[in-house]
Amino acid sequence: MNNGIDTRYTQDRELSWLRFNERVLAEAKDEKNAMILSVPEGHDKPLKYPLMFETCDVLIINKIDTLSYFNFDMDRVTEFIICPKTAQKNT
């Protein structure tokens, strides 16, 4: 124990995180990638996580039945995906 932290698990978590990052990068190199964007996550998610949307070939927007409950702008999400740098300046 080091400052209340069991160091036996620290390294395992760090290695697990590194393996996860390696897997994400490997998947980003696949020929085709799909991204799922949920309406409750917001139309500005492509601005928050641009790499995910830059590497995807197909975008699936789900939970569209909740559109009336959230401030989700379909035109804005399209703009954010097509021209993220321009859209970011205009927000």
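This is a predicted model: local features need pLDDT of at least 70, side-chain atom pairs count only at pLDDT 80 or more; totals for chains, interfaces and linings use all residues.
Reader: How confident is the predictor in the protein chain?
Author: The protein chain averages a pLDDT of 77, pLDDT being the predictor's confidence in each residue, from 0 to 100. Local features need pLDDT of at least 70 and side-chain atom pairs count only at 80 or more, while totals for chains, interfaces and linings use all residues. Residues are numbered from 1 along each chain as its sequence is written, and side-chain values use heavy atoms, with hydrogens and water left out.

Reader: Is His43 buried or exposed?
Author: His43 is buried, with a relative accessible area of 16%, because buried means under 20%, exposed over 50% and partly exposed in between (1.4 Å probe, protein chains only).

Reader: And what does the side chain of His43 reach?
Author: The side chain of His43 reaches the backbone nitrogen of Asp73 at 3.3 Å, and a polar atom of that side chain lies 3.2 Å from the backbone oxygen of Asn71.

Reader: Changing topic, how many salt bridges are there?
Author: The count comes to 3 salt bridges, each being a side-chain nitrogen of Lys or Arg within 4 Å of a carboxyl oxygen of Asp or Glu. One of them joins the side chains of Glu41 and Lys45 at 3.0 Å, N to O; Glu41 is partly exposed at 37% relative accessibility, whereas Lys45 is buried at 13%.

Reader: What about Asp44?
Author: Asp44 forms a salt bridge with Lys48, the closest N and O atoms being 3.7 Å apart; Asp44 is partly exposed at 29%, and Lys48 is exposed at 51%.

How values were computed
A polar contact is a pair of N or O atoms within 3.5 Å; within protein, one must be able to donate a hydrogen and the other to accept it, and residues adjacent in sequence count only if both atoms are side-chain atoms.
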